[in-house]
Every structure is written in structure tokens, then in C-alpha cells.
Amino acid sequence: MPDSLHRSQFPRPTLPDGVDSVPFVHGLTGFVDAGNTVFITTQHLLGSLEKELVADFTADAVIEYTNRRPALLMRDGKLEAYHPHDIKLWLLYDNNGRPFFLLEGTEPDLHWGQISREILGLLASYGVKETVGIFAATMGVPHTRHVPCLHHGSQHFGGEGITNWEGSMRFPANFDAYLDYVLQEEHFRMDGFTVQVPNYLAQSHYSPASVQLLHALQSFCQLSIPTGAVEKDADNLLAEVNEQIDDNPELVTVVRAMEQTYDSFKEEHERKKTEEADLKVFAEDLMNSEKLGAELEKFLSQVDTRQDPPAEEGDK
């Protein structure tokens with residue numbers, strides 16, 4: 001293993017004068033990226049905002065290619081392009097010129113400890129003390145309702161459409177969650193947002209959940225981020241899914257049943273006047289339903305699975 005797993009840019013990007021609080025946003029694709037939501041979100045940020053590369057990490061040393069193979073493009077019998085995995089730390093500027101850091105790319109398989117220490121060192125050199133993770137998990141929620149979003153971390157947050165996580169749960173870690181833990185132990189203010197993607201659309205490019213993540217980042221980090229292109233893409237995707245479902249009466253029945261279950265849960269939540277919804281229990285009830293099986297899987301392959309995020313043109 002090399003002594004260092006990253007290469008810093010030279011000259012080193014600098015923060016604007018007078019800036020004393022810069023959030024660090026991280027979202028790597030892999031284990032917790034249902035509906036390719038994290039990928040859509042990070043690529044949208046990179047494509048629509050001014051950016052400077054801070055450092056890139058040696059993917060060859062930390063990713064097992066036999067488990068997640070990089071892509072090659074063949075055109076007319078010739079190998080035309082190679083698309084390697086990468087992990088990069090960027091300094092971005094929102095529409096108002098406010099800076100924030102973004103870690104994006106592919107989740108590493110190996111050397112989590114060393115990568116985390118090197119990220120910590122980079123962030124400490126800029127005086128960063130606030131970290132915000134973005135995640136996307138599959139859940140038994142209907143696509144016809146507002147995308148649920150859970151907040152976890154050092155404080156309660158009352159953003160629109162966001163509930164705060166409570167209770168205990170043991171779960172398999174991914175690198176982003178491990179990084180949160182490491183930074184929290186170093187006294188960073190740690191927060192995160194997990195959007196919930198309908199389990200029958202988990203293999204699509206589910207842009208409605210990306211819209212929710214972008215709105216959460218805007219509100220929590222007080223960032224000005226263009227969202228028009230992603231919102232348009234989300235509207236188009238939902239219209240296509242609804243059209244396919246409406247053509248199948250059995251699917252209509254299943255989705256309506258999911259809506260009733262979801263609405264009943266929300267009504268019960270409001271009746272008890274609790275601020276936090278236990279969506280874990282709700283999800284278990286939905287995911288145990290055998291009605292979702294083959295019929296919903298039947299149209300998954302027809303759902304828009306475009307790999308490229310929407311381009312942002314003049315959306316401010």
C-alpha cells in the first residue's frame with residue numbers, strides 16, 4: 001500500500017477571505033445509493049456549480065475491480081473509451097459564491113481507516129468542522145407521495161418534509177457512514193440525510209429523490225443550488241412511471257394499497273402528535289407484502305435508466 005492514497009492539487013485551492021465556516025458534503029456511490037440518487041445529486045452539483053479540484057484518491061489501491069468492474073466503451077468493433085473509478089474532493093461555490101467541499105466518486109472497498117485519516121487531514125487544513133452525508137435507501141413507499149427524508153446527526157432539524165431519526169439500529173456500514181463516525185470522534189458536527197426510494201424503482205435513476213436531497217442541502221447548509229433541470233427530469237420520470245402503471249389494472253391496485261398504508265401511517269403519526277415517524281416499522285409492513293413481487297418487477301426494465309445526469313443550462 002502506498003504511503004499516501006491521495007494526490008493534492010498544486011497550487012492548492014484557497015478559501016475566500018473572511019470565510020470561517022465551510023461545510024463538507026460527502027456522497028459516494030455504492031452500497032447506499034438506491035435509485036442512483038447519490039450519483040445524480042453529486043453529478044448535478046459538479047455540473048451546475050463552479051468548482052476546483054482539491055485532491056483525488058488512488059482508486060486502484062482501494063477498489064477491488066473484480067467486484068465492481070470499470071466500464072469500457074466499444075464502438076463499431078473498436079475500444080473507444082475507458083471509464084475508471086475515481087474518488088475526488090472538490091471545492092464548490094454555490095450561486096452566491098459560498099464555498100463548500102464535496103467528496104464524490106466510488107465507495108472504496110479497502111483501507112477505510114487510512115482514507116478517512118487523509119480526508120480528515122485535508123479538511124483540518126481548511127478549518128472544516130461540519131460534515132453532511134447524503135444517502136439513499138430502498139423502502140416500501142409509493143412513488144406517488146412526497147419522497148420521505150430522514151435526518152440524523154448532532155442536532156434536530158425541522159426542514160420541510162424531513163423527519164429526525166430516533167431509536168437504535170445496528171446496520172452494515174458503508175464508507176460514508178464510517179467517515180461520519182470518524183469525523184464525529186474528532187469533534188466535527190456530523191449530520192446526514194437519507195432519502196427513501198420506492199423498492200420497486202431502486203434500479204432506476206430516481207431523480208425525485210435527488211430533488212429532495214438537493215432541497216435538504218439547500219436548507220440545512222444554507223446553499224443556493226440550481227435545481228430546475230433535476231426537477232424537470234423528476235417530473236418526466238414520474239409521468240412515465242404513472243403511464244406504465246395506469247396501463248396495468250393490477251399494478252394500479254397494488255400502488256393504491258401502498259398509498260392507503262402510507263397515508264394511514266401518516267395520519268396515525270399526526271394523531272399522536274409525535275415529531276418523529278418510525279419509518280422502519282412502516283417499511284417492514286410494506287416490504288412483507290407479497291403483492292409487490294413480480295408485477296412491479298415487470299416494468300422496472302422499462303423505467304428510464306439513463307446513466308447521465310441532466311445538464312444544467314442557465315438554471316439559476
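Helix α3 (residues 112-125) and helix α4 (residues 175-185) cross at roughly 55°, and their axes come within 10 Å. That makes α3 oblique to α4, since angles under 35 degrees count as roughly parallel, over 145 as roughly antiparallel, 65 to 115 as roughly perpendicular and the rest as oblique. This is a predicted model: local features need pLDDT of at least 70, side-chain atom pairs count only at pLDDT 80 or more, and totals for chains, interfaces and linings use all residues. Residues are numbered from 1 along each chain as its sequence is written, and side-chain values use heavy atoms, with hydrogens and water left out.

Which residues of α3 and α4 meet? From α3 come W112, G113, I115, S116, I119, L120 and L123; from α4 come F175, Y178, L179, V182 and L183. Contact means heavy atoms within 4.5 Å.

A second pair is α5 (residues 207-221) and α6 (residues 228-246). The angle of about 150° makes α5 roughly antiparallel to α6. Residues in this contact include V211 and L214 of α5, and A234 and L237 of α6.

| Pair | Angle | Axes |
|---|---|---|
| α3 and α4 | roughly 55° | within 10 Å |
| α5 and α6 | about 150° | 8 Å apart |

Helix α1 (residues 37-48) has twelve residues and reaches 16 Å from its first C-alpha to its last. Is α1 largely enclosed or exposed? Nine of its twelve residues are buried (under 20% relative accessible area, with a 1.4 Å probe and protein chains only), so α1 is largely enclosed by the rest of the structure. Among the buried residues are V38, I40, L45 and L46.

Technical notes:
Axes fitted to C-alpha atoms, helices over the stretch in contact; angles between N-to-C directions. Helix = DSSP H or I, 4+ residues; strand = E, 2+ residues; numbered from the N terminus. Expected span 1.5 Å × (residues − 1). Buried < 20%, exposed > 50% of the residue type's maximum accessible area, 1.4 Å probe, protein only.
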